[in-house]
Amino acid sequence: MSSANTSAASQGLANRFNLQQYVVYLGFLAIFLFFAVVLKDSGFLTVRNLSNIVLQTAPATIMAIGLVFVMSAGEIDLSIGSTVAVAALAAAVTLGHYGLVAGVLAGLGAGLLIGLLNGALVAYVKLPSFLVTLATLGLFAGVSRSMTDLRSIPVTDSVFTGFFGSGVFLGIPSLIWWTAIAVAIGHIIYRETRFGAHVLATGDNARAASVSGISVPRIRLAVMAISGGLAGLAGLLYAGRLQAAKYTLGETDLMTVIAAVIVGGTLLNGGRGSIIGALVGSLMMGMLNNGLILMGLSVSDQMIVRGLIILAAVAVSLREKSR
Amino acid sequence: MNTTEANAPVLKLQDIHKMFSGITAIENFSLEVYPGEIVALVGDNGAGKSTLIKIISGVHSPTSGSISIEGETVTMSNATMARSHGIEVVYQDLALADQQSVYMNMFLGREPVNGLGLLDRRRMIAETENLVKELDVRIPSAHATIRDLSGGQRQGVAIARATHWASKLILLDEPTAALGVAETAKVEEIVLSLKRRNIGVLIISHSLDQVFKLSDRICVLRRGKQIGVRETAKTDKNEIIAMITGLQQQ
Ligand SMILES: Nc1ncnc2c1ncn2[C@@H]1O[C@H](COP(=O)(O)OP(=O)(O)OP(=O)(O)O)[C@@H](O)[C@H]1O
Ligand SMILES: [Mg+2]
């Protein structure tokens, strides 16, 4: 009996090793090759278009990093969809009145505060994060609308727009720098620190984590705060790139970000995940957007096709994970 | 070793009461465990054995009563404190993080870091491999994921973890429940080696054969009440069964 168990176990190990880890890379490659062939005359493969994809996905990638931490701890953060707009508007308004540093701090601070609010409700009031962040998603969507009476706020500070948007440093666009730095730091914290290990343990088995001396509430608070703070940074990147802030920013990102994270190999129920996978997942979503536009699909058709492809991708990656 | 045994008990429970929302789970429980002594805790399902273990390890706090470690009264409000007193536990549900590796579980909550503050994986892996070899628990590798292990292997990991970190007292909640004959013998060997390390052991088991083989004393619990404590050498199975069930044996 014990030998049967062992062989079933090693078989399972082999299975998951082959598919689960690489599903996102295979999917990425498949979509890339498909568009490369179908759109070879529409400019999909130009350096300009490809680098555009990376630039456009920067905010989503940053949010995805936060969500990997949240989901690895067994929680979810739906509020990022409206945190982005609140942060961008807070930054834009403050920037106009009090200057660059205050603007940046206001944007990041707004995101962090929303994250801490979510986190406190989840960790200490012990409400389910799904319900908490569903409520704060709506709440802050309202806040972002009332902040400026639905008006768009221009961002004219060229240092800000350079740093968070269109700037170039050492020949590399600043949005790529932001993506690369956030992914690198996120990956190291996630994979190589005690905090990262405790996040995973909390999502995996909160009781085991707790009896092992890990403060589960503090981990829950921390992941929600990280997610809020990174959504705030995403708001700054939007404001920088578009040179304006508006309540609609980030509105459609929630589905994309969740899909990127799940396709990238992070379990919805916690305990396992990947920052690099989320990056690739996010690029894959961006490539999908870009390719469908170049194919000339109408906006409604784009939404339908994207929804179906995300459904397929998520189904494949979840099937691999839940044995 | 016998001289220290005569000294202070490593664990002393006095008049422990535990209520769960109005229901009494443990009443009037008092027990001492000396260094190098193996005490067995027996009783039917729901008698309160696991609850008692969780009170000692700091998962539950007692409604009243006192706990002392090496003569010093302690209040344990969480599991970290019990661990800092050198107490380790193998819980009935093992408390393993299923999707993490064996070595991460071995060091859960106590991961060593290098000078840069990053996880010292090499050290965790090396120490895990040593331990697995030393205790002869058959685990494919330190890298294996817990959920890919068999029930017995998982139990082996939980026991290896507890024996690695325990310095004074180890609490084992049915440590051989999922084990085959050879594995059970191995765990019993490990328990006896703890005795040689002068560590106190409180073991819960439903196997009276095992209890009589390992323990120095047997403590019987029935529906939260402490029925009695017997020296293993001076009692027999009939008496213990009678105490557990409350029925006289013929
Ligand atoms: N957290 C809790 N809340 C309420 N009641 C509890 C809790 N934990 C245990 N109990 C109750 O306390 C009693 C003792 O349970 P316990 O788990 O200690 O039994 P046990 O002796 O370990 O049994 P078994 O041999 O089946 O493991 C049971 O009636 C149980 O329902
Ligand atoms: Mg029990």
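Which residues come nearest to ligand 1? In this predicted model, they are B:Gly46, B:Gly48, B:Lys49, B:Ser50 and B:Thr51, out of the 13 residues around the ligand.

By class, its shell comprises 7 polar, 3 nonpolar and 3 charged residues. The element that contributes most to this shell is helix α2 of chain B, residues 49-57, with 3 residues. Three side chains of chain B deserve mention for their distances. An N or O atom in the side chain of B:Lys49 lies 2.7 Å from an oxygen atom of ligand 1, and the side chain of B:Ser50 likewise places an N or O atom 2.7 Å from a ligand oxygen. For B:His206, the corresponding distance is 3.0 Å. As for burial, ligand 1 taken alone exposes 640 Å², and the protein buries 60% of that.

I turn now to the interface between the chains. Here 29 residues of chain A are in contact with 28 residues of chain B. The buried area amounts to about 2,300 Å², with carbon and sulfur atoms giving 46% of it. On the chain A side, A:Arg194, A:Arg207 and A:Val211 supply 23% of the area buried against chain B, more than any other three residues.

The interface holds 3 salt bridges, and 13 residue pairs are in polar contact. Among the elements of chain A that touch chain B, α9 gives the most, with 6 residues. That side of chain A divides into 10 nonpolar, 10 polar and 9 charged residues.

Conventions
Residues numbered from 1 in each chain as written. Chains lettered and ligands numbered in written order. Predicted model: local features only at pLDDT ≥ 70, side-chain atom pairs only at ≥ 80, totals over all residues. Heavy atoms only, no water. Contact = heavy atoms within 4.5 Å. Buried area = accessible area lost by both parts, 1.4 Å probe. Salt bridge = Lys/Arg side-chain N within 4 Å of Asp/Glu carboxyl O. Polar contact = N/O pair within 3.5 Å; in protein donor to acceptor, adjacent residues only side chain to side chain. Helix = DSSP H or I, 4+ residues; strand = E, 2+ residues; numbered from the N terminus. Nonpolar A, V, L, I, M, F, W, Y, C, P; charged D, E, K, R; others polar. Near = heavy atom within 4 Å. Areas by Shrake-Rupley, 256 points an atom, 1.4 Å probe, with all protein chains shown as cover.
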